[in-house]
Each structure stands twice: as C-alpha cells, then as structure tokens.
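Here is my note on the model you sent. Please keep the structure open while you read, and check each point against it.

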Amino acid sequence: ALYALPRDYEDRRNLCAIRDLEDGVKSTVTGKIALTGRTGRHGRNFEALFQDDTGTLSLKWFNAGKWIEEKIHRDDRVVVFGKARRWRTQLEMNHPEVTVLAQDEDPGAGGILPIYPSTEGIGQWYLRRVISRAVEQFASAVSDPVPADVASRLKLMPLDEAFRRVH
C-alpha cells in the first residue's frame, strides 16, 4: 500500500456558495440538509435537498444503499464535494462525497486529498483510509534503498517522510 501512489490530487481548500457553483466543476460546499427521501422506482434512489444562505442544491445517489440513508438526516450540517450540474431548472450533484459535521465543528475545508487509481466499487474514501493506516503503521519500518551518504549529499528527505507527504 505504501507504493500505491496517488495518480492525482484534489484541492478542496476553497469553500464555495451554492449560487457560485459552476456547471461541470468540482466544488466544496457547506450547508444544511433540508429534506431527504427515497425516490424512483421501488425507492432505489436517495435524494437530499441541500441548502446554504445563497440557494439550494439537489444531492442524488442512484441505486443507493441504506448507508447513505443512515449517514445524512434532515437538519444535519454537512460539507459536500462533487461536480455540480444543471438538470432542467435545478442545480444538482450526483453521488457527492458528504461529511456530516458535529454541532460546533468548523467546516473548514478538506485540504488537498490524494486520488488513487481504483477499481469500480472501491471508493476514494476507503482507499485513503486504508493507505493512511498503512503509512502510519509501516512507513518507518521500510528501509531506504538510497544509501545515507547519497541521500545527504542530494538533500533527500527520509523515505518515511516521503511516504507521509505523498499520501
């Protein structure tokens, strides 16, 4: 897992207001869940109406499992990350990443997050968690293949620090 390097990074440092969302652009927004419910044939989809002081945004999960229904509820304060798009007259995000905030928690912003090569069905949040645990447990145990005198002369950081920074 230590050598499973990110293929890219997402910058989630800047929070955006709903009114400032651009069609097709990934953004981070903070606000409140106004409504939630199952939709579609046989209730396979899950939808939430999300709002901030500037507008509303529809959040949609198709063929949604029970996990999303258990994760977000009406009146929850959340941070949402995803690609906004206009569908008819409504602005929406399909399958966004949602973080529920504690009552007094500062929404801050997500920072710069690694994006790992993945297989369908394995989410980035899961990969980040597994790799983060691997880095914490094993990074300092890996021996550096670069001799110490070469690393010093080239001013290279220690291998364990490189693993922590890249992940």
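1. **Terms and fold order.** Helices and strands here are DSSP runs, helices of at least four residues and strands of at least two, numbered from the N terminus. With that in hand, the order of elements from the N terminus is β-β-β-β-β-α-β-β-β-β-α-α-α. The chain has four helices and nine strands. Remember that this is a predicted model.

2. **Overall shape.** The radius of gyration of the chain is 20 Å, well over the 15 Å that the globule rule gives for 167 residues, so the chain is more spread out than a compact globule. The C-alpha trace spans about 65 × 35 × 30 Å along its principal axes. Of the 167 residues, 32% count as buried. The accessible surface comes to about 10900 Å². Carbon and sulfur atoms own 50% of that surface.

3. **Contacts along the chain.** Take the contacts between residues at least 6 apart in sequence. Of these, 59% join residues at least 24 apart.

4. **The largest core.** Which residues have the most contacts inside the largest nonpolar core? They are Leu-21, Phe-50, Leu-57, Leu-59, Trp-61, Ile-72 and Met-93. This core has 19 residues. Five strands each supply at least two residues of the core: β3 (26–39), β4 (45–52), β5 (55–61), β6 (77–87) and β7 (90–94). A second, separate core has eight residues, including Tyr-116, Leu-127, Ala-139 and Leu-159.

5. **Leu-21.** Set aside the neighbours within four places in sequence. Leu-21 is then in contact with Cys-16, Ser-27, Val-29, Leu-57, Ala-84, Leu-91 and Met-93. Leu-57 and Met-93 are also listed among the core residues with the most contacts.

6. **Trp-61.** Find this residue in strand β5. Is Trp-61 buried or exposed? Trp-61 has a relative accessible area of 3%, and the cut-off for buried is under 20%, so Trp-61 is buried. Beyond the residues up to four places away, Trp-61 touches Arg-44, Asn-45, Phe-46, Ala-48, Trp-67, Ile-68, Ile-72, His-95, Pro-96 and Val-98. Look at His-95 in that list. Trp-61 and His-95 are 34 residues apart in sequence, yet 4.9 Å apart in space, C-alpha to C-alpha.

7. **Salt bridges.** Side chains of opposite charge can pair when their charged atoms come close. The structure holds 10 salt bridges. One of them joins the side chains of Glu-10 and Lys-26, at 3.1 Å from N to O. This pair links distant parts of the chain: Glu-10 is in strand β1 (residues 8–11), Lys-26 is in strand β3, and they are 16 residues apart. Glu-10 counts as buried at 13% relative accessibility. Lys-26 is partly exposed, at 47%.

8. **A salt-bridge network.** Lys-60, Arg-85 and Glu-92 are linked in a network of salt bridges. Glu-92 counts as buried, with 1% relative accessibility. Arg-85 is partly exposed, with 32%.

9. **A bridge within a helix.** Arg-165 forms a salt bridge with Glu-161, and their closest N and O atoms are 2.8 Å apart. What separates the two along the helix? They are four residues apart in helix α4 (residues 159–166), so about one helical turn separates them. Arg-165 is exposed, with a relative accessible area of 58%. Glu-161 counts as partly exposed, at 28%.

10. **A nonpolar surface patch.** Ile-122, Trp-125, Tyr-126 and Val-130 form a nonpolar patch on the surface. Together they have about 380 Å² of accessible area. Val-130 sits in helix α2 (residues 124–138). Val-130 is partly exposed, with a relative accessible area of 36%.

11. **Two positive phi values.** Most residues other than glycine have a negative phi. Asp-75 has a positive value, near 75°. Asp-75 lies in the loop between α1 (66–71) and β6 and counts as partly exposed, at 47% relative accessibility. Lys-155 also has a positive phi, near 60°. Lys-155 is in the loop between α3 (148–153) and α4 and counts as exposed, at 75% relative accessibility.

Definitions and conventions: Residues numbered from 1 in each chain as written. Predicted model: local features only at pLDDT ≥ 70, side-chain atom pairs only at ≥ 80, totals over all residues. Heavy atoms only, no water. Patch = residues over 30% accessible without salt bridge, like charges linked within 9 Å, V, L, I, M, F, W, Y side chains within 5 Å. Areas by Shrake-Rupley, 256 points an atom, 1.4 Å probe, with all protein chains shown as cover. Salt bridge = Lys/Arg side-chain N within 4 Å of Asp/Glu carboxyl O. Buried < 20%, exposed > 50% of the residue type's maximum accessible area, 1.4 Å probe, protein only. Rg over C-alpha atoms; globule rule 2.2 N^0.38 Å. Contact = heavy atoms within 4.5 Å. Core = buried A, V, L, I, M, F, W, Y, C linked by side-chain atoms within 4.5 Å.
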